[in-house]
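Please open the model in a viewer and keep the sequence panel at hand.

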Amino acid sequence: MTRLRALVVCPGRGSYGRAQLGSLPDGDPIVAALDRYRAGLGRPAVSELDRAPEYAPQLHVAGEHASLLTFACTAVDLAAIARDRIDVVGATGNSMGWYSALYAAGALDLDGAARLIETLGHYQAGNVIGGQLMYPVADEQWRRAPALAAALDAALDRPGVHVSIRLGGTIVLGATAAGMAHARRMLLPIERGGMRYPVELPLHSAFHTPLMAPTSERALRDLADLPIRPPAITLIGGDGVVHRPWASPAALLAYTLGPQIVEPFDFERAIATALGELGPDVVVLPGPGDSLGSAIAQVLIARGWRGLRDRAGFLAMQASERPIVLAMQRPEQRARVVAAATTS
């Protein structure tokens, strides 16, 4: 069997939602290890959070819980990838997904990744700094929409408002409280997919903006001894920089705790760079959720990847024998990625 060359793209912490409750498998060794880690810190186990009787935003969305919970789902899915059919040639991720990508690429072991994610997640406990707003700059066919982009430019024309994440056809803004109010006034209200934009991300600090400088400084002190190593596969950062298997661990750590926290995370550039550098057959999305599928599609459409021009074309490609995105949370797509015994 010819293996598919895959780019793994890890999700950010906002990906774990109500639909993911109860998704961690019982008895999984990765989950057990993360539970022991949290127990040592006197914090609720990720399995306990996942098995809660109902989804509680104040619990499941809070960074101090959502971060490692999200990573647990991702790590379990990464372990399920059938290496006899999937050749993982590169990894990246959106926002907190960068930390998961470090693990996926072998730059951090499970303990190191847990420490990084738990440390930065717990900084947010009772300490949310500013906020984040999501706003689309693409139309319903996932093509660039000049009027929406102009509204975004107007929102950015004020101190305290920054681009946080370039997420394909969506931009995430990070801002102070005053900046958030200004952005809401400037951004044209629109309905898309049952959501009304701009959307404020609850309990999210203004990551990837200068407002997070104190967080970066604290992390550089607390995690200076994080046991990072050269990645086993190629990593692509949120600045589009390519880190090959001989990359400097010191440079990876400096980026992770420095620019990655205080500068815009250009997910669009990371995906475009990965596609150009690695030429994968497929993009594999480990869980939780599959919300990055549309963002990746919008990047592909903007660049005419395999002749794509719009959302309809992408959906047709996904329904063909050669889909470009395989989301592990979708059973029919998961079956292409994992061994037969682990498809359920």
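By class, the lining of the largest pocket in this predicted model comprises 23 nonpolar, 21 polar and six charged residues. Select that lining, which counts 50 residues, and display the pocket, whose volume is about 1,200 Å³. To centre the view, pick Met134, Leu167, Tyr197, Leu201 and Ser291, the lining residues that lie nearest the centre of the pocket. Rolling a probe the size of a water molecule over the atoms shows where empty space is left.

Next, colour the elements that supply the lining. Helix 4 (63-80), helix 6 (110-122) and helix 13 (292-302) are among those that each supply at least two residues. The contributing strands include strand 3 (131-136), strand 4, strand 5, strand 7 (195-197) and strand 8 (199-201). Which element gives the largest share of the lining? Helix 13 does, with four residues.

Select residues 161-167, which form strand 4. Five of the seven residues in strand 4 are buried, so the strand is mostly covered.

**Two cis peptide bonds**

Return to Tyr197 and show its backbone together with that of Pro198: the peptide bond joining them is cis, with omega about 5 degrees. Pro198 sits in the loop between strand 7 and strand 8. Then move to Gly287 and Pro288, where the peptide bond is also cis and omega is near 10 degrees. Pro288 belongs to the loop between strand 11 (282-285) and helix 13. Most residues other than glycine have a negative phi, and most peptide bonds are trans.

Select His208, in the loop between strand 8 and helix 9 (213-222). Phi of His208 is positive, near 65 degrees, in a residue other than glycine. Is His208 buried or exposed? His208 is buried, because its relative accessible area is 1%, against a cut-off of under 20%.

Now select Arg306, in the loop between helix 13 and helix 14 (311-318). Arg306, likewise not a glycine, has a positive phi near 50 degrees. With a relative accessible area of 33%, Arg306 is partly exposed, since that class lies between the limits of 20% and 50%.

Select Glu118, which is located in helix 6. Its relative accessibility is 2%, so Glu118 counts as buried. Show side chains and locate Arg43: a polar contact of 2.8 Å joins its side chain to that of Glu118. Beyond its neighbours within four places in sequence, Glu118 is in contact with Tyr37, Arg38, Leu41, Arg43, Glu64 and Leu68.

Widen the view to the open sheet of six strands, in the order 10-9-2-1-11-12, with mixed pairing. At its edges are strand 10 (242-243) and strand 12 (325-327), each of which pairs on one side only.

Select strand 2 (residues 86-93), where seven of eight residues are buried. Strand 2 runs parallel to strand 1 (residues 4-10), and seven bridges join the two. Leu7 is placed opposite Gly90 in strand 2. Gly90 also stands opposite Thr234 in strand 9; strand 2 and strand 9 (residues 234-236) run parallel and are joined by two bridges. From strand 1, continue to strand 11, again a parallel pairing, with three bridges. Here Val8 stands opposite Val284 in strand 11.

**Helix 5**

For the last stop, select residues 97-104, helix 5, in which seven of eight residues are buried. Which residues of helix 5 are buried? They are Gly97, Trp98, Tyr99, Ser100, Ala101, Leu102 and Tyr103. Following helix 5 is Gly106, whose phi is positive, near 85 degrees.

Notes. Residues are numbered from 1 along each chain as its sequence is written. This is a predicted model: local features need pLDDT of at least 70, side-chain atom pairs count only at pLDDT 80 or more; totals for chains, interfaces and linings use all residues. Side-chain values use heavy atoms; hydrogens and water are left out. Buried means under 20% relative accessible area, exposed over 50%, partly exposed in between (1.4 Å probe, protein chains only). On a 1 Å grid over the protein atoms alone, a cavity is a set of points where a 1.4 Å probe fits but cannot get out, and a pocket is an open set with protein on both sides within 12 Å along at least five of seven lines; lining residues have an atom within 4 Å of a point. Grid points are joined across faces, edges and corners, and a volume is the space filled by probe spheres set on the points. Ala, Val, Leu, Ile, Met, Phe, Trp, Tyr, Cys and Pro count as nonpolar, Asp, Glu, Lys and Arg as charged, and the others, Gly among them, as polar. A polar contact is a pair of N or O atoms within 3.5 Å; within protein, one must be able to donate a hydrogen and the other to accept it, and residues adjacent in sequence count only if both atoms are side-chain atoms. Contact means heavy atoms within 4.5 Å. Two strands pair if DSSP finds at least two bridges between them.
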